[in-house]
Amino acid sequence: MCSCIPATDVAEMFEMSRVSRSWRGSFLTIFFVFVVAASADGALEHLRAKAGDQTQSRAVTELLRRLLGDRARDFIVSVNGSLSSDGLDMCELRSTKNNKVVAVGNTGVAVATGIYNYLKYFCNCHVSWSGDQLDLPRPLPPLTGVLRIQSQYRFRYYQNVCTQSYSTVWWDWPRWQREIDWMALNGINLPLAFTGQEALWQEVYMSLGLNQTEINQFFTGPAFLAWNRMGNLFEWGGPLPQSWHIKQLSLQFKILDRMRAFGMIPVLPAFSGIVPQGITRLFPQANVTKLGPWSHFNCSYSCAYVLDPRDPLFQRIGSLFLSQVVREFGTDHIYNTDTFNEMNPASSDPAYLASVSRAVFTTMTSVDPKAVWLMQAWLFVNDPEFWKPPQVEALLRGVPLGRMIVLDLFAESMPAYSFTQSFYGQPFIWCMLHNFGGNSGLFGTVERINLGPFEALRFHNSTLVGLGMAPEGIEQNPVVYELMSELAWRKEPVNLVKWVSLYASRRYGSMDDNLTVAWRLLFRSAYNCTIPGYKNHNRSPLVRRPSLKMQTDIWYDPADIYEAWRLLFEAAPSLLSVETFRYDLVDVTRQALQLLTAEFYQEIRDAYQAQKLSEVLTAGGVLVYDLLPELDRLLSSDAHFLLGAWIEQARSLGLDEQEAQLYDLNARNQITLWGPDGNILDYASKEWAGLMEDYYSQRWGLFVNMLVECLDRSRPFKQDTFNQAVFQVEKGFIYNQRKYPSKPSGDTYDIARRIFLKYYPHALKRLKIF
């Protein structure tokens, strides 16, 4: 949250805002408040920025050069670690007589966040995954007095172990650099840093006597490493080339250097007890348990081998690995590992569970006496039948209080702190999970994320120490992440209507009322899911294998989406040069066509069940031969919606054609079949150009043709028969070797206009608005 110092200058700042930037006044009435700092847990005091003040100042200065070019000279940056005595990040900004802005904070992250708040709320600028709007006023708008921002949370966490596979797996250094800049601007100081760990694991396993074949049978391919690290999956998509290890290690060194330069505290990996099968050959007396299969896999690629933490070999392997981690990567004394991710322990005995967590933590402290264990609480909400209060308490209290931080991973929908007595005294971070599988589609729970952190803070004996964002996939719905990151610097919930109105203004650099109304509609509909426990898997028939029993329920009124679509379309002619607007025009049009796909599906299904062949042909023909091809052309016109970019990034990491093909298959399989046999089919679905044409459209074409054939021959539709046939289509996409464009083509506005004129009237008709 922000405040002005001295307080007598607040009124002057309000007045200045009305004169120079009328839109800014409404923000000031809800945003600038005084900070009531909360003291951090004493056991976590050593988790602090390690880089010197000059290094952090230089990192922020270089960020501004990358972001603003020559206008970076208008900012004077200074980091002074002694400014905050309680460990809470803060930044103070003031104007100089020569129209520059001085920003001073206790960490680089704090300074970057302070400057970004100034850019947002004084300069009407915006930075996001889907583009920037940086039409910076000249000269910079002046500040009256001192603008002060401070977080009441020690930690602002970011990423999910799955993000490493669903989003960042193919990234190069320029893309990572951009993301770390985004983290700093949005106040992140506790990011996950898991890249490159397989190279260290390989060294450990080979030092123990495993051969390369056994190691190759353990690691998955790159797109599935998140689940290999959690003990869910093995070998699928592999073998992992040696060149992968070298490149990822090099990348990790750069990632860690940059994170630390900003004053961030990277979270490194530790040992959970998952071992290759070859360990049983080398150590036949070791207490190793083979677990059952995970998800819809069988033991060909699943069924983890778990080393009992009480076995002396656990301590040996765990300390070997963590020693390697600290030697290669340095340490900030915080490590993540998850012992039972979506897998049940061997026993529910509380004494056993306490001994497990105690042994895991002892392994950490044997290498790093200051170690803090960061643990996901997903297991508690994923399997509440196993994790009853005695089991939860035993696992958590096996670690000394204050030496574990728990990530309440899905707190916006299924908070665990409320039924675990604030994690039985262990510090925790309230996290927004938001996205599963990196799916496309507008989604948010803005009311819950606006209120939830403050409810957690007021909870009886609350041990809350931070807020976090833990999506499985990123680069979607940027508005949700901007709101969530801002809440870590607020003392109270925001006025959502006012907040999103200002968001619309700065995202496009426009005061067009249509845009404000459009975003208010989006915020009250698609972005405000209030269904308890709702998980954001895109359930639209568009991206699901067709059947006669598909879900079409949604949590919002489609009329709001259609009206927002109209408003954005009408504002388009004057904003087509703005990258963020073009993205949103595509994204909202895509959402409208996703809704219409569900409508056409219902027409097809109802017509089939009524045995009306002509109506099946009409609705099916429009969907397969017009709507879906038009959607593919629209997505092709924007760089953020291209299958070809995803595949090109994957192939570029291969040293030769063989490696490039391996990565190509990994990239295609993850977003479609997710396994050899459609084991987690469409979990990571994406609405991208290329996928629309060669995957989703092909499935729908086969489905409609089969329904027509069934009606024509007076025989029932059999889902099993269709599934066998469509699996060949799905598998064919993965192996078709087609090269998809990695650059946009076509005129976004022309395509969007054609779609709007054709399908907006149909949308109104379905809503019975005509």
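Arg754 and Glu630 form a salt bridge in which the closest N and O atoms are 2.8 Å apart. The two residues belong to distant parts of the chain: Arg754 is in helix 28 (residues 748-766), Glu630 is in helix 23 (residues 613-636), and 124 residues separate them. Their surroundings can be described by relative accessible area. Arg754 is partly exposed, with a value of 35%, whereas Glu630 counts as buried because its relative accessibility is 2%, and buried means under 20%. The model in which this pair is found is a predicted one.

Side chains of opposite charge can pair when their charged atoms come close. How many salt bridges does the count come to in this structure? The count comes to 44 salt bridges.

A second example joins Glu482 and Lys120, whose closest N and O atoms are 4.0 Å apart.

The salt bridge between Asp70 and Arg73 has its closest N and O atoms 4.0 Å apart. Here Asp70 counts as exposed, at 60% relative accessibility, and Arg73 counts as exposed at 61%. Both residues are exposed because these values are over 50%.

The next topic is the aromatic rings. A pair of aromatic rings is described by the distance of the centres and the angle of the planes. In this structure, the count comes to 63 aromatic pairs. One of them is formed by Phe224 and Trp674, with 5.0 Å from centre to centre and 75 degrees between the planes, an arrangement that is edge-to-face. This pair links distant parts of the chain, 450 residues apart. Phe224 is in the loop between helix 8 (212-216) and helix 9 (225-229), while Trp674 is in the loop between helix 25 (657-670) and helix 26 (691-713). Phe224 counts as buried, at 0% relative accessibility, and Trp674 counts as buried at 1%.

A further pair shows another geometry. The ring centres of Trp378 and Phe436 are 6.1 Å apart and their planes are at 55 degrees, so this pair is tilted. Trp378 is in helix 14 (residues 378-382) and Phe436 is in the loop between strand 17 (428-432) and helix 17 (446-458), which places the partners 58 residues apart. Both Trp378 and Phe436 are buried.

Which residues do ring pairs link into a cluster? The cluster consists of Tyr166, Phe224, Trp227, Trp236, Trp294, Phe297, Tyr301, Trp674 and Tyr683. Phe224 and Trp674, the edge-to-face pair described above, are thus among its members.

Arg668 lies over the face of Phe733, at 5.3 Å from the ring centre. Likewise, Lys686 lies over the face of Trp688, at 5.9 Å from the ring centre.

How values were computed
Residues are numbered from 1 along each chain as its sequence is written. This is a predicted model: local features need pLDDT of at least 70, side-chain atom pairs count only at pLDDT 80 or more; totals for chains, interfaces and linings use all residues. Side-chain values use heavy atoms; hydrogens and water are left out. Rings of Phe, Tyr and Trp (its six-membered ring) pair if their centres lie within 6.5 Å; planes under 30 degrees apart count as stacked, over 60 as edge-to-face and the rest as tilted. Helices (H or I, at least four residues) and strands (E, at least two) are DSSP runs, numbered from the N terminus. Buried means under 20% relative accessible area, exposed over 50%, partly exposed in between (1.4 Å probe, protein chains only). A charge sits over a ring if NZ of Lys or CZ of Arg is within 6 Å of the ring centre and within 35 degrees of the ring normal. A salt bridge is a side-chain nitrogen of Lys or Arg within 4 Å of a carboxyl oxygen of Asp or Glu.
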